[in-house]
Amino acid sequence: MAIRTEPITINLGPQHPSTHGVFRLRVKFDGELVLDIEPVFGYLHRGTEKLAEERTYVQIVTLTDRLDYVSSMTNNLAYVSAVEKLAGIPVPERAKYLRVICSELQRIASHMIATGFLLQELGAFATPLMYAFRERERILDLFEMLCGARVTLSYMRPGGVTQDAPREFWPALDILMRDMPMYIDELDQLISGNEIVLARTQNAGIIRPEAAINGSLSGPILRASGVKWDLRKANPYEVYDRMEFDVPIGSRGDTYDRYYIRILEMRESVKIIKQCIQQIPEGPTRTPGPFFIRPPVGDAYASVEAPKGELGFYLVSDGGISPYRCKIRAPSLINLSLLREMLVGWKMADMIIIFGSTDIVLGEVDR
Amino acid sequence: MSFRNLYDIADRFLPESLDWMAYLVAGGILAFVVINAMVMSTAAYTLFERRLIGRFQSRLGPNRWGPFGMFQPFADIIKLILKEDIAPTVADKIVFTISPVVFLVPVLVAVSVLPLGDGSFLGTLNVALVFIIAVTGMHIIGVFMAGWASRNKYALFGAMRGVAMLVSYEVPMAMSLVAVVLLSGTMSTLGIVQGQHLPYILVMPLGFFVFFTATLAEMSRAPFDMIEAESELGSGYNTEYSGMKFALFQLAEFMAPLANGAIVTVLFLGGTKGPIISGPWWFVLKVVAFAFVIVWTRSTWPRLRVDQIMTFSWKGLFPLSMINLALVTVEYFVLQDAVGALTLGDQAIMALINIPVTFVAIYVIGNLSGQKRDRTVPVPSPLARMAAEAD
């Protein structure tokens with residue numbers, strides 16, 4: 001006799017330990033199996049794009065901090081690049097190097113968070129998370145030296161950075177770059193070979209390269225599927241064309257690849273920062289300009305390789321002191337476009353880690 | 001001080017017609033002692049675990065209240081007692097209320113048969129092992145009652161997982177206990193301790209490995225903490241609980257490592273036996289060592305998935321426990337003397353054979369049913385022509 005069963009619908013979120021903020025998934029389960037999902041977002045919508053139309057070009061920098069709040073530097077960079085392109089503001093050499101150093105430090109910090117929380121979702125009781133946060137703290141200390149803030153940095157300005165790095169910054173950066181490979185190795189040894197991590201993450205939530213490109217994914221998720229696409233190489237901005245570094249790719253596009261690629265990228269970031277330290281010239285760090293930037297009528301799009309993927313700002317100017325329209329291409333939101341393909345058919349526990357491996361930040365998804 | 005002593009003392013002061021009172025008094029005193037001893041040691045254990053996990057995670061852990069944070073457990077308890085006791089309106093109130101008790105009692109009952117010195121609280125129970133297996137499996141009924149009565153889907157998920165897991169892990173656990181019974185020729189815990197000229201962890205490491213792992217699953221500690229799985233289910237079976245009921249769940253959950261530690265100590269670590277310091281101290285030391293190992297495991301390992309836990313039990317632990325049982329049976333048959341007992345020499349021979357066999361067996365079974373690490377060298381997808389041109 002067949003037992004009558006029926007699927008269970010669960011609202012995973014908006015308050016749930018593993019939704020990286022206030023994301024909500026309406027999931028239909030058959031026992032432990034995921035039958036269907038329906039993502040619901042917008043709980044953290046703050047109207048950043050609309051607010052930008054009311055602010056001057058410099059004031060908007062503070063809004064960008066709050067998009068992806070674990071990687072403010074790259075948000076700033078993407079925005080100021082768009083403004084510089086729109087208004088034709090040159091950037092001094094030293095400022096370019098400082099920007100690259102900052103965004104690579106931010107990439108390490110963001111990947112540390114991604115790795116730590118992925119392991120937390122795998123059920124490792126906070127130990128990898130705490131290790132990752134310990135390393136991130138040191139990067140935040142450096143940011144504090146640069147601009148006085150730790151998370152919402154607002155360090156970059158159209159035409160450069162707010163101020164040059166203080167003298168104490170460079171020895172501290174040298175020490176951190178000496179220690180960081182050791183930290184990354186420690187995390188790698190702790191996690192990468194762990195039998196349970198392998199059993200849980202390998203072959204879970206595979207994204208085919210074709211699907212990834214069609215879903216217009218970017219960042220580590222795209223590269224984990226084996227697509228060698230990195231804006232730092234494909235469309236070098238700032239001084240990335242002078243840097244020697246690899247673009248690591250994954251072989252299968254499973255959760256393990258998405259985890260491991262972040263470890264590899266952190267190593268590459270350390271390489272880039274070390275080269276920057278050697279090459280950085282003396283000089284000014286900001287092009288002097290008027291208090292209100294009034295770009296000519298027109299539009300501009302600039303994008304950078306943020307830790308989570310391609311972060312782009314599209315600005316339209318009507319000649320005034322604030323943009324007529326500001327559109328943000330948020331990688332976190334677009335990386336979610338394949339969510340259903342990734343999650344349906346897996347078990348509940350897999351669903352959590354596959355979702356976690358996309359490394360979204362809700363500040364950016366909802367904007 | 002066992003039940004028998006208490007009964008005798010009470011019997012002397014009571015008239016002939018009130019014999020039943022003596023049972024009641026003895027039972028009441030015994031329950032009072034066991035419960036208070038266990039609650040107090042659980043309080044100490046929670047602090048131990050939190051401080052230790054703090055160290056593992058390169059932070060300090062609770063250290064504000066009293067020296068070394070000693071009063072922290074009491075602060076926790078007071079907070080939990082003062083909290084409002086909320087029950088969902090749709091919950092099955094009766095089942096919802098008694099499930100914490102059902103969860104807690106088996107742990108306490110199991111403690112009463114463990115020999116802390118020459119005998120246990122209940123005296124020498126000659127079927128103690130059967131008793132332990134019977135009562136320690138009971139707590140899952142409490143979990144299921146809690147999950148079902150809360151009318152919460154997360155809680156139900158946790159409860160279903162718990163039941164499925166327990167059913168799988170009882171089998172290898174019992175199988176490794178059969179080997180213990182076979183070697184010592186008795187089911188009394190005292191007899192098992194006396195039979196260990198060498199601790200059974202050395203005589204049959206395979207049996208210990210199986211029993212230890214199954215114990216972790218039984219307590220639903222990491223890496224088998226399926227019933228709570230905080231990153232997936234919020235809080236699992238106790239999602240809807242608060243206040244005193246939640247405190248009882250927490251109490252039982254943190255008491256389980258101590259109770260199971262005591263069981264493992266008696267069965268595999270030689271109980272109260274040990275040189276130099278006296279027996280009870282050895283017992284406490286071994287329980288603390290066990291607690292340390294499980295805290296270590298908890299702070300290091302991620303969680304397994306539900307089906308992987310089942311696979312691990314049926315394809316990993318079950319064959320291992322059968323290998324262990326077969327091995328021990330053959331060795332016992334060859335080495336036993338006229339009355340069926342084993343001397344220290346016999347046990348040393350068994351240890352010498354079994355320790356290498358353990359490693360081989362775990363390696364072989366692990367390779368047969370374990371995870372394959374076949375990471376291929378990544379090749380860029382041909383779709384990525386744009387990036388290739390840019391390189």
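Predicted model: local features only at pLDDT ≥ 70, side-chain atom pairs only at ≥ 80, totals over all residues.
## Chain B as a whole

Let's begin with the overall build of chain B. Its secondary structure consists of 16 helices and zero strands. If you follow the C-alpha trace of chain B along its principal axes, it spans about 100 × 65 × 40 Å.

How many of the 391 residues of chain B count as buried? The share is 49%. The contacts also tell you how the chain meets itself: among those in chain B between residues at least 6 apart in sequence, 75% join residues at least 24 apart.

## Aromatic rings that come together

Over all chains, the count of aromatic pairs comes to 29. One of them joins Phe96(B) and Tyr241(B). Their ring centres are 4.2 Å apart and their planes make an angle of 10°, and the pair is stacked. Stacked pairs are those with planes under 30 degrees apart. Where do the two residues lie? Phe96(B) is in helix 4 (residues 93-111) of chain B, while Tyr241(B) is in the loop between helix 11 (230-233) and helix 12 (243-268) of chain B, so this pair ties together parts that are 145 residues apart in sequence. Both Phe96(B) and Tyr241(B) are buried.

A second pair is formed by Phe103(B) and Tyr237(B). Here the centres are 5.7 Å apart with 50° between the planes, which is a tilted arrangement. Phe103(B) lies in helix 4 of chain B and Tyr237(B) in the loop between helix 11 and helix 12 of chain B, so the pair ties together parts 134 residues apart in sequence. Phe103(B) and Tyr237(B) are both buried.

## Two helices side by side in chain A

Two packed helices are described by the angle between their axes and the distance between the axes. In chain A, helix 5 (residues 127-147) and helix 6 (residues 169-191) pack at an angle of about 165°, with 11 Å between their axes. Helix 5 of chain A is therefore roughly antiparallel to helix 6 of chain A, since angles over 145 degrees count that way. The crossing of these two helices is left-handed.

Which residues make the contact? From helix 5 of chain A they include Tyr131(A), Arg134(A), Ile139(A) and Leu142(A). From helix 6 of chain A they include Phe169(A), Leu176(A), Met180(A) and Tyr183(A).

## Charges over rings

Two of the residues in that contact, Tyr131(A) and Arg134(A), also meet in another way. The charged end of Arg134(A) sits over the ring of Tyr131(A), 4.8 Å from the ring centre. Elsewhere in chain A, the charged end of Arg232(A) sits over the ring of Tyr240(A), at 5.9 Å from its centre.

## Two residues with positive phi

Ser216(A) is not a glycine, yet its phi is positive, at about 50°. You can find Ser216(A) in the loop between helix 8 (209-214) and helix 9 (220-224) of chain A.

Arg151(B) is not a glycine either, and has a positive phi of about 55°. Look for Arg151(B) in the loop between helix 6 (139-149) and helix 7 (153-184) of chain B. Arg151(B) has 53% relative accessibility, so this residue counts as exposed.

Note on methods
Residues numbered from 1 in each chain as written. Chains lettered and ligands numbered in written order. Heavy atoms only, no water. Phe/Tyr/Trp six-rings, centres within 6.5 Å; stacked < 30°, edge-to-face > 60°. Helix = DSSP H or I, 4+ residues; strand = E, 2+ residues; numbered from the N terminus. Buried < 20%, exposed > 50% of the residue type's maximum accessible area, 1.4 Å probe, protein only. Lys NZ or Arg CZ within 6 Å of the ring centre and 35° of its normal. Axes fitted to C-alpha atoms, helices over the stretch in contact; angles between N-to-C directions. Parallel < 35°, antiparallel > 145°, perpendicular 65-115°, else oblique. Left-handed = near helix turned anticlockwise from the far one by under 90°. Contact = heavy atoms within 4.5 Å.
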